Amino acid sequence: MIGERIFSNKYGSLVLPEGAYGRDLRGRWWARPPGESNRRLLEGRVVVEHPDGSVTIRGTVNGGLSCFALERGVWTKLN
């Protein structure tokens, strides 16, 4: 699944649809893996921002029973 970069709205809220990722006004990265209803704080992971606005997360993003990788904005299910 191709993810989408989301920016905080004018009120500072970061609303992430399924598969989206973004940085809040405090500079913290968040992601909502495919098929998940809740977003995940990417604290403790290295996030590499690319010139096109996509990101790569060093390490996995756990979601429910699944584990995901995000490479240049594309989600891959690992299990």
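## Pairing of β3 and β4

In this predicted model, strand β3, which covers residues 29-31, pairs with β4 in the antiparallel sense. The pairing rests on 2 bridges. Within it, tryptophan 30 lies opposite leucine 41 of β4.

## The open sheet

The β3-β4 pair belongs to an open sheet of 4 strands, ordered β1-β2-β3-β4, with mixed pairing. The edge positions are taken by β1 (4-7) and β4 (40-41). Each of these has a single partner strand, so one side of β1 and one side of β4 have no neighbour in the sheet.

In a regular strand, side chains alternate between the two faces of the sheet.

Strands β5 (residues 46-49) and β6 (residues 55-58) run antiparallel and are joined by 4 bridges. Valine 47 has isoleucine 57 in β6 as its bridge partner.

The two strands β5 and β6 form a hairpin, with 5 residues between them. Glycine 53 sits in the turn and has a positive phi of about 95 degrees.

## Valine 15 in the β1-β2 loop

The loop between β1 and β2 (20-23) contains valine 15. The relative accessibility of valine 15 is 60%, and the cut-off for exposed is over 50%. Valine 15 therefore counts as exposed.

Valine 15 and arginine 32 are 17 residues apart along the chain. Their C-alpha atoms are separated by 9.8 Å.

Note on methods. Residues are numbered from 1 along each chain as its sequence is written. This is a predicted model: local features need pLDDT of at least 70, side-chain atom pairs count only at pLDDT 80 or more; totals for chains, interfaces and linings use all residues. Side-chain values use heavy atoms; hydrogens and water are left out. Two strands pair if DSSP finds at least two bridges between them. Buried means under 20% relative accessible area, exposed over 50%, partly exposed in between (1.4 Å probe, protein chains only).
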